[in-house]
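Hi everyone, thanks for letting me go today. Please have a look at what's on the screen, and I'll talk you through it.

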Amino acid sequence: LSVNAIIYAILPDIAYLKWNPKNSKDPISQVYISKRCSAVNLYMFYLTQDKDPKTAESFSKASNRLFNLSAKILIKYANLDFKTAADKVTADVDGMMQYYIKDGQDYFLRTGSYTMDNYIGDDLRFCIKLEKKTNETLN
């Protein structure tokens, strides 16, 4: 599918509705959501890579797909070349990842869980729905 098909078929349906339903068709909002979902999947890869490599691999693939989607949206709507778009997405995902790591560690020290009953778990559940919707649309 083209980037337009993904943008208009997937992201408006569920993506930005969580954080700001008025802007679900805005490319900037769609880039933010796909980057945030890429970051939370990357964080889950980080948490699972030693204990469950198969699950970690699925998180890695999801993160990469959402990373690429974010870059494609930037290329299309911000007229960026691939390298510039990828650099922007990388910087933002890395920054988001640092928040997930810090907050996850803090939460784990208090509760014994990295993702239960906190925004990280909420993001993950939301992003799993986004990833499922993306896969259904692409297949």
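Predicted model: local features only at pLDDT ≥ 70, side-chain atom pairs only at ≥ 80, totals over all residues.

Let's start with Lys102, which is partly exposed, with a relative accessible area of 48%. On that scale, buried means under 20% relative accessible area, exposed means over 50%, and partly exposed is in between (1.4 Å probe, protein chains only). Lys102 has a partner, Asp106, and the two form a salt bridge with their closest N and O atoms 2.9 Å apart. Asp106 is partly exposed too, at 30%.

Residues are numbered from 1 along each chain as its sequence is written, and side-chain values use heavy atoms, with hydrogens and water left out.

Okay, zooming out. The protein chain has 6 helices and 0 strands. In case those words are new, helices (H or I, at least four residues) and strands (E, at least two) are DSSP runs, numbered from the N terminus. Of the 139 residues in the chain, 43% are buried.

Back to salt bridges. How many are there? The count is 5, where a salt bridge means a side-chain nitrogen of Lys or Arg within 4 Å of a carboxyl oxygen of Asp or Glu. One of them joins Asp92 and Lys35, at 2.4 Å from N to O. Asp92 sits in α5 (residues 82–111) and Lys35 in α3 (residues 27–48), so this pair ties together parts that are 57 residues apart in sequence. Is Lys35 buried or exposed? Lys35 is buried, at 11%, while Asp92 is partly exposed, at 34%.

Another bridge links Arg36 and Asp123, with the closest N and O atoms 2.8 Å apart. Arg36 is in α3 and Asp123 in α6 (residues 119–138), so here the parts tied together are 87 residues apart in sequence. Both ends count as buried: Arg36 has a relative accessible area of 14%, and Asp123 has 1%.

So how do α3 and α5 sit against each other? Their axes come within 8 Å and cross at roughly 50 degrees. Axes here are lines fitted to C-alpha atoms, for helices over the stretch in contact, and angles run from 0 to 180 degrees between N-to-C directions. That makes the two helices oblique to each other; under 35 degrees would be roughly parallel, over 145 roughly antiparallel, 65 to 115 roughly perpendicular, and the rest is oblique. Residues that meet across this pair include Tyr32, Lys35 and Tyr43 in α3, and Val89, Asp92 and Tyr100 in α5.

Last stop: Asn41, also in α3. Asn41 is buried, at 4%. Leaving out residues up to four places away in sequence, Asn41 touches Phe59, Ala62, Ser63, Leu66 and Cys127, a contact being heavy atoms within 4.5 Å. Phe59, Ala62, Ser63 and Leu66 are among the buried residues of α4. And α4 itself (residues 53–78) has 26 residues and reaches 36 Å from first C-alpha to last, close to the 38 Å expected at 1.5 Å a residue; that expected span is 1.5 Å times one less than the number of residues.
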